[in-house]
Amino acid sequence: MPAPTKGARLGGSAAHQRLILSNLATQLFEHGRIVTTEAKAKRLRPLAEKLITKAKRGDIHARRLVLTTVRDKGVVHTLFTEIAPGLADREGGYTRITKVGPRKGDNAPMAVIELVTESVEESWKANAKGVAPAKKAPAKKAVAKSAPAASTAAAAAPAASTAAAAAPAASTAAAAAPSAEAAPAAAAAPTAESQPAETSPAEKLVEETSEVDDATAEQEQPSDDSSDEEAATVSEPDATEETEEKA
C-alpha cells in the first residue's frame, strides 16, 4: 500500500483529491502552464512527472496507464507526440514551480506550475550566467570604485588644459593692458599741448582793464603835428618880442 501524502487532503475525500489532480494534470498538458495554489502545485508536480515518464516510453501499455488519470484522448495524444519527445534528453525535472504572491480575497499563496521547454544545455548556460555575476561581483565593485577616480582624473585633465590655455591669454591681456593705457595717454598729450590754457575770469578782467588804460594814454598823448604847431606858436611870440626890442 503506497504511503499517504503529507499535509491536508485536497477536497473532502481521496476520490475528490484524485479528480482534482487529474483535472490539474489535464490542464497543464493542454496549456503548458497553469496558475494554482502552492499546495495544489506541489501535489501536482510528482503526478505530472510520472505521467511524462510513462509518455516517454511511447508503447500502448503506457498510453493506457496515462488514460486512467487523464481522460481526454486529445490531451494524451499531445502528451505522447509533442511534450514527451521534447523532453527526451531530460532525465527528470520536467516541471517548474514559481511563486507569484497571495491571491486577492482569501490571501492564499499562489504559484505557477509549467513545463520546462528549454533543453538541458540551455538550462546549464542560464544557470552559469546566473552564478557568474555573483562570483565577479567583487571585481565589478573594484571597477566601480576605480571608475570615479578615473572620471575625476579625466575631468581634471580638461580643466588643467583649459587653465594652461587661459594662462597665455591672461599674459597677453596683461601685456596689452599697459600699451592700451599708454596709447590714450599719448594721444591725449599732443592735444593738451596744442590747446592753449584757458584764462580765468579774473585774468580776463585784468587784461581788459590794461587795454582800456593803454587806449586812454594814447588818446591823451599829443601827436607829432600838434607838438609842431605848439612849438611854432611858442616861437612866434619870441620873435615878436625880439623885433619890438630892436625897434
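Author: Asn 107 is found in the loop between S2 and S3. The model is predicted.

Reader: Why is Asn 107 called exposed?

Author: Its relative accessibility is 54%. Exposed means over 50%. Asn 107 therefore counts as exposed.

Reader: What makes the phi of Asn 107 worth a remark?

Author: Phi of Asn 107 is near 60 degrees, a positive value in a residue other than glycine. Most residues other than glycine have a negative phi. Gly 105, in the turn of the S2-S3 hairpin, also has a positive phi, of about 120 degrees.

Reader: How do you know that S2 and S3 pair?

Author: Pairing needs at least two bridges. S2 (residues 95-102) and S3 are joined by 7 bridges and run antiparallel. Thr 98, for one, stands opposite Val 112 in S3.

Reader: What makes S1 and S3 a pair?

Author: The cut-off is again at least two bridges. S1 (residues 33-37) and S3 have 5, in the antiparallel sense. Arg 33 has Glu 114 in S3 as its bridge partner.

Reader: Why is the contact of Arg 33 with Glu 114 called a salt bridge?

Author: The N to O distance is 3.8 Å. The rule asks for a side-chain nitrogen of Lys or Arg within 4 Å of a carboxyl oxygen of Asp or Glu. So the pair qualifies as a salt bridge. Glu 114 lies in strand S3 and Arg 33 in strand S1, so the link ties together parts that are 81 residues apart in sequence.

Reader: Are Glu 114 and Arg 33 buried or partly exposed?

Author: Glu 114 has a relative accessible area of 16%. Buried means under 20%, so Glu 114 is buried. Arg 33, at 47%, is partly exposed. As for strand S3 (residues 109-115), 6 of its 7 residues are buried.

Reader: What makes Arg 96 a salt-bridge partner of Glu 114?

Author: Their closest N and O atoms are 3.5 Å apart. The limit is within 4 Å, so this pair passes too. Arg 96 lies in strand S2 and Glu 114 in strand S3, so parts 18 residues apart in sequence are tied together. Arg 33, Arg 96, Glu 114 and Glu 118 are linked in a network of salt bridges.

Reader: Why is Glu 208 called partly exposed?

Author: Its relative accessible area is 48%. Exposed would need over 50%, and buried under 20%. Glu 208 therefore falls in between. Glu 208 sits in helix H7 (residues 201-220). With Glu 203, Glu 207 and Glu 211, Glu 208 forms a negative surface patch.

Notes
Residues numbered from 1 in each chain as written. Predicted model: local features only at pLDDT ≥ 70, side-chain atom pairs only at ≥ 80, totals over all residues. Heavy atoms only, no water. Buried < 20%, exposed > 50% of the residue type's maximum accessible area, 1.4 Å probe, protein only. Helix = DSSP H or I, 4+ residues; strand = E, 2+ residues; numbered from the N terminus. Patch = residues over 30% accessible without salt bridge, like charges linked within 9 Å, V, L, I, M, F, W, Y side chains within 5 Å. Areas by Shrake-Rupley, 256 points an atom, 1.4 Å probe, with all protein chains shown as cover. Lys, Arg positive; Asp, Glu negative; His and termini not counted. Charge placed at Lys NZ, Arg CZ, Asp CG, Glu CD.
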